[in-house]
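Here is a short briefing on one protein model. Please look over the sequence and the fold before reading on.

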Amino acid sequence: MAGRRVVVFPSSAELGPVLAQLVTSRAEKAIASHGRFTLGLSGGSLVSMLGKELPALPDLDCSKWVVGFCDERLVPFDDPESTYGLYKGQLFSKVNIPDSGILTIDSSLPVNECAEDYTRKLKEAFPDDKFPVFDLLLLGMGPDGHTCSLFPDHPLLEETKKIVAPISDSPKPPPQRVTMTFPVVNSARCVAFVSTGGSKAPVLKEVLEGREGPAYPAARVVPTNGELFWLVDDPAASSLTIQVERLGSGAKL
Ligand SMILES: O=C(O)[C@H](O)[C@@H](O)[C@H](O)[C@H](O)COP(=O)(O)O
């Protein structure tokens, strides 16, 4: 790993612009080196944060972006639970990512076939990689320490072969989802968690400072050759005792 950076902001209002700067700086770097920018998105509060910050950037050009989903809920796109549907309304409708660059699940398929179909789409988008190497993955963490749809104590945590796995017993509804696996997450060039709010403080401490017993899913995100950022706000960081970086909205990562 290129080193973990835990960066604390006074609030999500200061965190948002720095997240947008991270996205655009990694996009510029990726496009300069290999002609496109591959980005994996997660749901939760990231949707509204990216929907607010990215379209507000002057001269944002997403014509060379390829966007996938770190996990997706198996519901129709017009269901309020659909991560794609939320991003469509809040981000994709406002920026110029080509439709062909948005890799969506086929929500009409049963969950196993849906995961196979999404695996095929990712393989087509990353023909040279054993596991897709995304330029940037944006992740959230639930209060139970889950990330993507990789939940504590679930057999999927041990998956080593699949790119995308189905899950039909998600402890958080909706129960049927597809998710990237750890081999894909940990192959990324850069992974950034965004975690805000006081409800995350206890689990954030255990994830970042270690705990007794099995590691939380979020703690198993350790990119083999990539960067790892934890972008958090003061309430989420309130129990941490490790050294952190404290930055404001003008910072560059
Ligand atoms: O798939 C889901 O059910 C949610 O998207 C979930 O995984 C969310 O991303 C995390 O709970 C973090 O949530 P916040 O971003 O709101 O902290």
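The residues that line the second largest pocket split into six nonpolar, three polar and four charged. This is a predicted model. The points below cover its pockets, its salt bridges and a few individual residues.

**Second largest pocket**

- The second largest pocket holds about 240 Å³ of space.
- Its lining has 13 residues, and Thr 24, Glu 28, Asp 59, Leu 60 and Asp 61 are the closest to its centre.
- Helix 1 (residues 12-34) gives the most to this lining, with five residues.
- Asp 59 sits in the loop between helix 2 (46-53) and strand 3 (65-69).
- Asp 59 counts as exposed, because its relative accessibility of 79% is over the 50% cut-off.
- The backbone of Asp 59 has a positive phi of about 65 degrees, although Asp 59 is not a glycine.

**Largest pocket**

- The largest pocket holds about 370 Å³ of space.
- It is lined by 22 residues, and Gly 43, Gly 44, Gly 140, His 146 and Lys 172 lie nearest its centre.
- By class, the lining of the largest pocket has eleven polar, six charged and five nonpolar residues.
- Strand 4 and strand 8 each supply at least two residues of this lining.
- Strand 4 has the largest share, with three residues.

**Asp 71 in strand 4**

- Asp 71 belongs to strand 4 (residues 71-73).
- Is Asp 71 buried or exposed? Asp 71 is buried, because its relative accessible area of 9% falls under 20%.
- The side chain of Asp 71 makes a polar contact with the side chain of Ser 149, at 2.6 Å.
- Leaving out residues up to four places away in sequence, Asp 71 touches Leu 41, Ser 42, Cys 148, Ser 149, Arg 177, Val 178 and Thr 179.

**Salt bridges**

- The model has 13 salt bridges.
- One of them pairs the side chains of Arg 5 and Glu 245, at 2.8 Å from N to O.
- This pair links distant parts of the chain: Arg 5 is in strand 1 (residues 4-9), Glu 245 is in strand 10 (residues 245-246), and they are 240 residues apart.
- Arg 5 is partly exposed, with a relative accessible area of 29%. Glu 245 is partly exposed too, at 28%.
- Asp 117 and Arg 120 meet in a salt bridge through their side chains, at 2.6 Å from N to O.
- Both Asp 117 and Arg 120 lie in helix 4 (residues 111-125), three residues apart, which is about one turn of the helix.
- Asp 117 is buried, at 11% relative accessibility, whereas Arg 120 is partly exposed, at 41%.
- A salt bridge also joins the side chains of Arg 189 and Asp 135, at 2.7 Å from N to O.
- Arg 189 lies in the loop between helix 5 (182-185) and strand 8 (190-195), and Asp 135 in the loop between helix 4 and strand 5 (136-139), so this pair ties together parts that are 54 residues apart in sequence.
- Arg 189 is partly exposed, with a relative accessible area of 40%, whereas Asp 135 is buried, at 4%.
- Salt bridges that share partners join Asp 117, Arg 120, Lys 121 and Glu 124 into one network.

**Gly 16 in helix 1**

- Gly 16 lies in helix 1.
- Gly 16 is buried, with a relative accessible area of 0%.
- The C-alpha atoms of Gly 16 and Ser 249 are separated by 7.6 Å, while the two residues are 233 residues apart along the chain.

**Backbone features in loops**

- Which residues does a cis peptide bond join? The bond joins Pro 173 and Pro 174, with omega about -5 degrees.
- Pro 174 is placed in the loop between strand 6 (164-167) and strand 7 (177-180).
- Asp 153 has a positive phi of about 65 degrees, although Asp 153 is not a glycine.
- Asp 153 lies in the loop between strand 5 and strand 6.
- Asp 153 counts as exposed, at 67% relative accessibility.

Technical notes
Residues numbered from 1 in each chain as written. Predicted model: local features only at pLDDT ≥ 70, side-chain atom pairs only at ≥ 80, totals over all residues. Heavy atoms only, no water. Helix = DSSP H or I, 4+ residues; strand = E, 2+ residues; numbered from the N terminus. Buried < 20%, exposed > 50% of the residue type's maximum accessible area, 1.4 Å probe, protein only. Polar contact = N/O pair within 3.5 Å; in protein donor to acceptor, adjacent residues only side chain to side chain. Contact = heavy atoms within 4.5 Å. Salt bridge = Lys/Arg side-chain N within 4 Å of Asp/Glu carboxyl O. 1 Å grid on protein atoms, 1.4 Å probe; cavity = no way out; pocket = protein on both sides within 12 Å on 5 of 7 lines; lining within 4 Å. Points joined across faces, edges and corners; volume = space filled by probe spheres on them. Nonpolar A, V, L, I, M, F, W, Y, C, P; charged D, E, K, R; others polar.
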